[in-house]
Amino acid sequence: MPTPETAVPDTSTYPGADYYEVTMRPGTWQFHRDLGPADVWGYWAKNPHDRHEPIGMGYLGPTISVIKDQPTVVKYRNKLPTTHLFQFVIDKIRSGDPQLAPIAPPPYESEPPFPENVNVWNVVHQHGGFTPPQSDGMPLHSFSPDGVHAESYTTLEPDRVERNEAICAYTNHERSSMLWYHDHGMGMTSVNVYAGLAGLYLIRDPADERLGLPQGEFEVPLILQDRTFHPDGKLAYTMTQQEGEDTPVVNGKAYPFLAVEPRRYRLRILNASNERFWRLRIDPPRDVVLQPNLPFWLIGTDGGFRAPLQMLNFLIGPAERYDLIVDFSGMPMGSKFTLTNYHAPVHYPGVPGQGPEISEVMQFQVTKPLSGADRTTPPKQLKLPVVAPNEPEPDIHRREWVVYQHKLFSTMTFNAVPFMEPSQDFIKAGEKEIWEYVNPNHDAHPMHVHLVNFQVLNRQPIDAAAYQADYEKWIDGGRKASDKPVLANYFTGPPIPPDPDEALSYKDTFKSYPETVTRIVTDPWSPPMEPIAGIANSGTELPATYVHHCHLLEHEDDDLMRPFTIVDPDAPLPVDQDGGHGGGGHGH
């Protein structure tokens, strides 16, 4: 199994900041030794020490590793072809195929997600970052290889870019954590990421050195994806017919193995699949460990460290990250441990979909002799930064987001409002909010909120069929605020606390379970206001609009995404038009 290389910053272009030039290019990549080469897309970073040797693999992108609070500036360049690797999907969306093209709920009109003259456009989103909106890489910031710009395209330092480029700046004020970067192109995120456009973004804190965690070659990133291949080894995209693909791919290789020493390892896991939830455990050889699976320790999630938690298995949704300590010490040489995905339909814990099941993902093979004593801290004794509970104040503002689907296999929206409608949700800067995601569907959805970390507060079961029927009536009746279904009338049980692995954890993506309302409580909404790396117009100006969306990429492309706007708390607040157009009021 390969590990993506780390990009090398240029430290001279912007004083006090790391500068990268990252180019999106087509290439070839062999996913398995028994498969022929596949056409793929990837990110390549300019090498400041050798301009003839850019850093990348062809597929995915190099890891960007930064020091906390030291800013990063990136120039992204689009050198992809103008015909898509999966052009048949683009054509189906453009033709208005009802399963793929966003169909607006009444009374809204449907709009095409990309113009007639664009088959490929891209923009890079730093997932998990506290980023000013102009550097956030939202879908309407897209730009094509031949210089066509989406309606909100923006760049820093406009005199330093060509039409197929954009410059973004990042504060790196996040906690020590593993973020990632990926394509967010309007209407085609799913096929762009599937082609290979994703990479890791590590925030390092020098204080972590004192924790005694495995590092260097004993800290291993695992980028989990599922892919399907034609017999010749080329990539097949089958999610127009079914959910999920049929082959596990880790760091770009199908069914790989990692040779390990008998010692502790730190595994940094990212679910970068388009749609697949992975329910994972580590199966040891029958004669080596007395229990059916190898225990491990969870030490961090999307937004950084949390109290160590011993686990035997976990469920990771698309875009979530898990930071684990796995201990192979004392294991006999030659023993093989299998990372297994078990009893999990693609959209687990939903109704089993039509997608293929995958069981074995990869192997850890204890075949390397111990290179020296393992001086890392045993997980039980780790002193990690504590996550305080984010207690909501009694008068905290609540906002409802209903996953609305008019009929099976058709477009999903939030609050029955298309993505392209202007923002109708206004949030006061510096305040926390409770967001209630109402999911009457039979599938789980991973929800990602840009800009902010949050904690999962609780979940509560609802009478989904009754709620859906009444919501439908409310839409057909003209969406009068006074007739809107009141969520509290549909509860079928008390609130359920968060899952142990997400309790007291910083998250930027969470699982919205089927037939359930999931509540999150956000950190204060405070976008970075100061200029970054001395660049003019690089800080946030209020009002500032961001997006949140489902991270099943096919759902995001099919409209399960909405903007929201952060406003100056002292400025007059635009009316939150309730009645489904806005977010809700206090405590309903």
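Trainee: Before we start, what pLDDT do local features need here?

Mentor: Residues are numbered from 1 along each chain as its sequence is written, and side-chain values use heavy atoms, leaving out hydrogens and water. This is a predicted model, where totals for chains, interfaces and linings use all residues, side-chain atom pairs count only at pLDDT 80 or more, and local features need pLDDT of at least 70.

Trainee: How many helices and strands does the protein chain have?

Mentor: Both come from DSSP runs, numbered from the N terminus: helices are H or I with at least four residues, strands are E with at least two. On that basis the protein chain has 4 helices and 31 strands.

Trainee: What is the radius of gyration of the protein chain?

Mentor: The radius is taken over C-alpha atoms, and the globule rule is 2.2 Å times the number of residues to the power 0.38. For 588 residues that rule gives 25 Å, and the chain's value is close to it, so the chain is as compact as a globular protein of that length. The radius of gyration is 23 Å.

Trainee: What share of the residues counts as buried?

Mentor: Buried means under 20% relative accessible area, exposed over 50%, and partly exposed in between, with a 1.4 Å probe and protein chains only. Of the 588 residues in the protein chain, the buried share is 63%.

Trainee: Which residues touch the most other members of the largest nonpolar core?

Mentor: A nonpolar core is a set of buried Ala, Val, Leu, Ile, Met, Phe, Trp, Tyr and Cys residues joined through side-chain atoms within 4.5 Å. The largest one has 110 residues, and a second, separate core of 32 residues includes V220 and W278. In the largest, the ones you want are F31, Y76, W435, Y437, V449 and W525.

Trainee: Let's zoom in on Y76: what is it in contact with, leaving aside neighbours within four places in sequence?

Mentor: Contact means heavy atoms within 4.5 Å. With those neighbours set aside, Y76 is in contact with V22, M24, V124, F143, N164, E165, A166, C168 and Y170.

Trainee: Which residue does D323 meet in a salt bridge?

Mentor: A salt bridge is a side-chain nitrogen of Lys or Arg within 4 Å of a carboxyl oxygen of Asp or Glu, and the whole structure has 32 of them. In this one, N to O is 3.4 Å. The pair ties together parts 55 residues apart in sequence, because D323 lies in strand β19 and its partner in strand β14. D323 is buried at 6% relative accessibility, and the partner is R268.

Trainee: Where does UniProt place the feature "domain: Plastocyanin-like"?

Mentor: UniProt positions follow the numbering used here, feature names are shortened, and annotations may be inferred rather than shown by experiment. The unreviewed UniProt entry places the feature at residues 427–567.
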